[in-house]
Amino acid sequence: MLQRPRRNRKSEVIRQMVQETHVSAANLIFPLFIVDGENQKTEVASMPGIFRYSIDNLLREVESCMKLGLNSFDLFPNIDEALKDKFATESHRDESLYLRAIRAVKKEFPEACVITDVAMDPYSSDGHDGIVENGQILNDETLEVLGKMALAHARSGADIIAPSDMMDGRVGYIREVLDDNGFTGVSIMSYSAKYASAFYGPFRDALNSAPKFGDKKTYQMNPANQREALIEARLDEAEGADFLMVKPALSYLDVIKLIKDDTELPVAAYNVSGEYAMIKAAVQKGWLNEQRATTEVLTSIRRAGATAILTYHAKEVLLNKWL
Ligand code: PBG
């Protein structure tokens, strides 16, 4: 045998020398859930180790993450049912929980990268990502709401705006609103290939944002489709996106790779709530080694071609020095 691939695996030093893929703190984005009130920190039942924070505790959480070198955060609000309406008005009200949270984080930690989620669902009385009329999700009317939301985020100090709604044309629409208002420097990380996935369940528990009727299949993609992701990614790039995101990550590694090979833009992947919950549940049962399973998951997402990973594991992997 001339070729014995095992030679390059014979010691830890050699294995590290030839390692192709690495995950570091710089690649990680930590999603954080926020709730109104003071001194709140409640664990999400289906996401052990993940909490909803009031703004005061959110600031302390951001501080402890930054001490670990984790500097990018994606914020998601849990909104009081009484504040929800058909048009997600609360999403662009100046004193809303979400806008106050963005301002508070950027004021205390100007060097942190704050990513904001643009979508109606946490504020919508229908629990959908668009305006609902006669059971239909209206596309172009929704763009106006998304534009107002994105502008409010930019005014509050957001570094990157992440539309997660999957309406057609929203990246171009938001880019134009931002530019017309002088926010040419605010980036857009588009959820380009976002699938109608079962793996968002725990997130909808965390935010109490599940659709009140039907499902999201007329706007989120069919999990059976790969080529269609290219249509979405190419449109978002042409409309001015700075990052293209694939979501979820683990069942869609082929889609990450496909988009990566088709663009020079950085590709992000969202390792979603249900993917986190699966690992935690198996670990709690003693069925998986937590460190090994978690680092393998994150490494695979990087190997598939993701530059940045949004993951609920971000803090624990740094705190435990697992990388
Ligand atoms: C909604 C949104 C969802 C997630 C991020 N933004 C859920 C959905 O589309 O219903 C899911 C994230 C996760 O599961 O971790 N705009």
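Predicted model: local features only at pLDDT ≥ 70, side-chain atom pairs only at ≥ 80, totals over all residues.
Axes are lines fitted to C-alpha atoms, for helices over the stretch in contact, and the angle between two of them is taken between their N-to-C directions, from 0 to 180 degrees. Two packed helices are described by the angle between their axes and the distance between the axes.

The crossing in which H2 passes H3 is right-handed. On the H2 side the contact is made by Ile55, Leu58, Leu59 and Val62, and on the H3 side by Arg100, Ala101, Ala104, Val105 and Glu108. Sorted by class, the residues of this contact are seven nonpolar, no polar and two charged.

The next pair is helix H4 (residues 139–156) with helix H5 (residues 170–180). Here the axes lie 9 Å apart, and the helices pack at an angle of about 45°. That angle makes H4 oblique to H5. The handedness of the crossing of H4 and H5 is right-handed. From H4, the residues Leu143, Leu146, Gly147, Ala150, Leu151 and Ala154 meet Arg170, Tyr173, Ile174, Val177 and Leu178 of H5. The contact of H4 with H5 holds nine nonpolar residues, one polar and one charged.

Ala229, Leu230 and Ala233 are the H7 residues in the contact, and they meet Val255, Leu258 and Ile259 in H8. By class, the contact of H7 with H8 consists of six nonpolar residues, with no polar and no charged ones.

Is Leu235 buried or partly exposed? Leu235 has 16 other C-beta atoms within 10 Å, so Leu235 is partly exposed; to count as buried, a residue needs 20 or more. Between Leu235 and Asp262 there are 12 Å in space, C-alpha to C-alpha, although the two are 27 residues apart in sequence.

The other is Ser192, found in strand E9 (residues 187–194). Ser192 is buried, because 30 other C-beta atoms lie within 10 Å. Leaving aside residues up to four places away in sequence, Ser192 touches Glu232, Ala233, Asp236, Leu244, Met245, Val246 and Ile259. Ser192 and Arg234 are 42 residues apart in sequence, while their C-alpha atoms are 8.8 Å apart in space.

H9 has twelve residues and reaches 16 Å from its first C-alpha to its last, close to the 16 Å expected at 1.5 Å a residue. Which residues of H9 are buried? They are Ser273, Gly274, Glu275, Tyr276, Ala277, Ile279 and Lys280. These buried residues pack against strand E3 (47–53), helix H6 (201–207), strand E11 (267–271) and helix H10 (290–304). Just after H9, Gly286 takes a positive phi of about 80°.

Asn208, in the loop between H6 and H7, has a positive phi of about 55° although it is not a glycine. Asn208 counts as partly exposed, because it has 14 C-beta neighbours inside 10 Å. Lys321 lies in the segment after helix H11 (314–319) and has a positive phi of about 50°, although it is not a glycine either. With 8 C-beta neighbours inside 10 Å, Lys321 counts as exposed, the cut-off for that class being 12 or fewer. Finally, a cis peptide bond joins Lys247 and Pro248, with omega at about -10°. Pro248 is found in the loop between strand E10 (243–247) and H8.

Terms used
Residues numbered from 1 in each chain as written. Helix = DSSP H or I, 4+ residues; strand = E, 2+ residues; numbered from the N terminus. Expected span 1.5 Å × (residues − 1). Contact = placed C-beta atoms within 7 Å. Parallel < 35°, antiparallel > 145°, perpendicular 65-115°, else oblique. Left-handed = near helix turned anticlockwise from the far one by under 90°. Nonpolar A, V, L, I, M, F, W, Y, C, P; charged D, E, K, R; others polar.
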